[in-house]
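Let's take a walk through a two-part question: how do the pieces of one chain sit against each other, and which contacts join them?

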Amino acid sequence: MKKVNLAVVGATGMVGRTFLKVLEERNLPIENFYVMASSRSAGKKLTFMGKEYTVEELNEHSFDKPIDIALFSAGGSTSEKFAPIAAAHGCIVIDNSSQWRMDPAVPLVVPEVNPEDIAWHKNIIANPNCSTIQAMVALKPLDDKYKIKRVVYSTYQAVSGAGLAGWMDLENGLKGEAPKKFPHPIANNCLPHIDVFLDNGYTKEEMKMVNETRKILHHDDLRVTATTVRVPVFDSHSESINVEFEKPFEMDDLMETLKNAPGLVVQDNPEENVYPLAIEAAGHDEVFIGRIRRDESVESGVNIWVVADNIRKGAATNAVQIAETIINQWNQE
Ligand code: A2P
């Protein structure tokens with residue numbers, strides 16, 4: 001069994017700390033482990049697998065030592081500068097920022113959905129946006145079976161997606177304090193505004209969902225539209241997804257397809273008030289789906305409700321699964 005040298009870049013952040021947790025839980029075969037962040041955190045201690053590690057400042061020489069895989073979650077500009085440096089040293093970067101996602105030379109991967117895309121990486125692999133990842137796990141099995149024609153996303157996204165500052169805005173807002181991160185109070189409110197506004201009137205988050213869906217499903221001209229909304233929930237994103245298919249479907253067959261889909265858990269028993277909930281998905285690695293019902297307004301379509309922990313499956317777990325897939329391939333060679 002090949003043991004790997006692995007680095008976490010942005011290890012002190014919300015996703016970075018979850019990388020450490022998920023790596024521990026999944027017990028990846030690690031030989032040497034490195035934690036990196038900005039100069040602000042250099043010298044801090046982080047515990048991993050019962051051992052203390054000192055946070056190193058990320059710099060041009062960080063990848064002079066042999067590192068096989070680096071998980072990056074330190075923002076777009078850090079990835080823009082340092083991912084190519086790591087890649088040039090032969091390190092495979094799995095990057096959680098949006099920096100490389102739409103680069104045609106960079107695979108954008110959800111391991112349950114398009115693991116085959118890992119094969120053509122040139123040492124940088126992008127982790128999709130959190131809202132896109134959970135949608136893909138639900139939509140891929142349906143696309144394979146009934147060929148998706150159009151998708152309408154409406155999201156209900158947790159404040160943890162905006163990092164610690166977003167989290168604090170909700171926590172402090174509930175005590176009556178003014179927001180610092182969001183442009184309006186998030187406590188007792190819904191903000192139809194995630195990331196910046198673009199010229200077409202959509203937000204960047206909405207266009208990430210549109211473009212990343214097309215790239216991951218390999219449907220360049222798929223009709224997709226999205227409205228992304230920040231809601232006063234700490235953890236886990238919920239999404240209402242309306243899907244239209246090219247082909248007809250039977251409800252029983254569709255339910256069976258979803259029950260057999262990798263990484264997906266069906267929670268759908270309206271009589272017992274069973275459907276996916278943000279507070280129940282939090283802390284889990286699966287994507288939960290419920291409220292599955294035919295869209296009676298179109299020839300062939302369905303409405304679904306999809307919930308997942310945005311920091312785990314929406315970020316850290318997905319990246320660790322990509323690393324796991326690569327390590328498994330190395331160990332089969
Ligand atoms: P630091 O804690 O030293 O600021 P979050 O998304 O939760 O805000 O976390 C961002 C992560 O990215 C943190 O670990 C942060 O480190 C790290 N980071 C931010 N800027 C840089 C940088 N220029 N170089 C390295 N790490 C960075």
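What follows looks at the domains, their interface, and some side-chain pairs.

This is a predicted model, in which local features need pLDDT of at least 70 and side-chain atom pairs count only at pLDDT 80 or more, while totals for chains, interfaces and linings use all residues. Residues are numbered from 1 along each chain as its sequence is written, and side-chain values use heavy atoms, with hydrogens and water left out.

**The two domains.** Domain 1 covers 4–127 + 315–332 and domain 2 covers 131–310; such bounds come from an automatic or database domain assignment. Taken over C-alpha atoms, the domain centres are 25 Å apart.

**Their interface.** Contact (heavy atoms within 4.5 Å) involves 19 residues of domain 1 and 20 residues of domain 2. Between them the domains bury about 1,600 Å², with carbon and sulfur atoms giving 65% of that area. Buried area here is the accessible area (1.4 Å probe) that two parts lose on being put together, summed over both. On the domain 1 side, M14, E112 and V113 supply 35% of the area buried against domain 2, more than any other three residues.

Polar contacts are pairs of N or O atoms within 3.5 Å; within protein, one must be able to donate a hydrogen and the other to accept it, and residues adjacent in sequence count only if both atoms are side-chain atoms. Between the domains, 7 residue pairs are in polar contact, both residues at pLDDT 80 or more. On the side of domain 1 that touches domain 2, α1 (14–26) and α8 (312–332) are the elements that give two or more residues; helices (H or I, at least four residues) and strands (E, at least two) are DSSP runs, numbered from the N terminus.

**Salt bridges.** A salt bridge puts a side-chain nitrogen of Lys or Arg within 4 Å of a carboxyl oxygen of Asp or Glu. The whole structure has 14 salt bridges, and 2 cross the interface of domain 1 and domain 2. Here are two from the structure:

| Salt bridge | N to O distance |
|---|---|
| R101 and E212 | 3.1 Å |
| R26 and D285 | 3.9 Å |

R26 lies in helix α1 and D285 in the loop between α7 (278–281) and β13 (287–294), 259 residues apart.
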